[in-house]
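Please keep the sequence and the 3D view at hand while reading.

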Amino acid sequence: MMGGMSAALERTLIVMPAFNEEEAVGAVVREVYATLPGVHCLVVDDGSHDDTARRAEAAGATVLRLPINLGVGGAMRAGFKYALAQGFDNVVQVDSDGQHDPAGVTELVAGLEHHDLVLGARFAGVGEYTVRGPRRWAMRTLSGILSRLTGTKLTDTTSGFRASGPRAVALFAQHYPSEYLGDTVESLVIASRSKLTVAQVPVAMRPRAGGVPSHNPYKAAVYLGRAGMALFVALIRPPVLVPKPVAAG
Amino acid sequence: MSLAVYILGIVAALFTLGVVIESLRRRHLRERHAIWWLAAGLVALVIGIFPNLLGIVAGWLGVTVPINLVFFLSIAVLFLVSIQHSGELTELESETRTLAEAVALQELRIKELERSLAEALGPKRNP
């Protein structure tokens, strides 16, 4: 790799899936541009009914408007396709509600030098984001299984704050699940079974703009059940062959 | 079995077949969706005309109460058709998703083309 971080950022596309996020999206886009010079920002408007697209555009982002709501996974695959078509090497997913601190992007992208997929983990000792009770146990169980699968220690597998390198972008432009939890859990399985390397780096996470994570045991059980389902389905599917990385130049 | 019940069985089967064939004819139904209904209608017609056949087949298969064979086959057909529909629904959703992506990507491209065209044509085209 040559050129250092700013060159790496220029080859990086920030993809922000946004569904009815008119309140937050403009500020988040501006913060991304202020924090990460040279980066490109694509807001995927996932069929919003509000002013999301115009506010994102006014803030300087490129806006991809999906005519129907496809969910986070659907919006992300569209983003990966755009990145591939426009020749970006890396894609970093950032939430449009301001939950992810753009400052963390630099570390994620740095991790891409050695890995294909880098997750920003909330529980790795940075920031104030905590989850307690059954939901935490559910997330831990899930992390344990996925850590074994990917062969690396993962503590926060449902984090949407993640960076994909060139091989992952090529893979995800074709195969990125749109099911609930499929975009986070199943995509990890797809990546590891396609022999991509996964790593995690600690990032600070802000409290969500709206609402607090639920501590309801019933909801935690449902969550674990759905995650288990996503995991099961991902494991029984045939692995996807990744196209060989195209030699540069 | 009374004559009325015998006729009812045949008429019901004929009606089912009629509906399926008419739907096929009007292109309301494609062959691959109609095939199960056609098969079910034909079996119902044959059994309607020759009710004793049901008892014979049930005997071969070791089904004590022949009507249970009817229920079993009916449920099996409904089950297979539902699976087929779920599968096609999944396929349609995935196609819709791909189309939505393509539309969005092209819309963005058109917009950018229009912008660069407007710039190339100079400010007088822009009121």
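## Strand pairing

Two strands are said to pair if DSSP finds at least two bridges between them. Helices (H or I, at least four residues) and strands (E, at least two) are DSSP runs, numbered from the N terminus. The model is a predicted one, in which local features need pLDDT of at least 70 and side-chain atom pairs count only at pLDDT 80 or more, while totals for chains, interfaces and linings use all residues. Residues are numbered from 1 along each chain as its sequence is written, and chains are lettered from A and ligands numbered from 1 in the order in which they are written.

In chain A, strand E5 (residues 117-121) pairs with strand E6 (residues 162-164) in the antiparallel sense, over three bridges. Within E6(A), A:Ala163 is the bridge partner of A:Val118. E5(A) also pairs with strand E7 (residues 198-202) of chain A, in the parallel sense and over five bridges; here A:Gln200 is the bridge partner of A:Leu119.

A residue is buried if 20 or more other C-beta atoms lie within 10 Å of its own, exposed if 12 or fewer, and partly exposed in between, with C-beta atoms placed from the backbone. Five of the five residues of E5(A) are buried. Both of its faces are covered, with A:Leu117, A:Leu119 and A:Ala121 on one side and A:Val118 and A:Gly120 on the other.

In helix H5 (residues 104-111) of chain A, the buried residues are A:Gly104, A:Val105, A:Leu108, A:Val109 and A:Gly111. Viewed down the axis of H5(A), they fall within an arc of 155° and so line one face of the helix; the arc is that of the directions from the helix axis to the C-beta atoms.

## The largest nonpolar core

A nonpolar core is a set of buried Ala, Val, Leu, Ile, Met, Phe, Trp, Tyr and Cys residues joined through C-beta atoms within 7 Å. The largest has 75 residues, of which A:Ile14, A:Met16, A:Cys41, A:Leu42, A:Val43 and A:Val44 touch the most other members. Helix H4 (residues 71-86) of chain A gives the most to this core, with seven residues.

## An exposed glycine

A:Gly225 lies in helix H9 (residues 217-236) of chain A. Is A:Gly225 buried or exposed? A:Gly225 is exposed, because 11 other C-beta atoms lie within 10 Å. A:Gly225 and A:Ala138 are 87 residues apart in sequence, and their C-alpha atoms are 9.0 Å apart in space.
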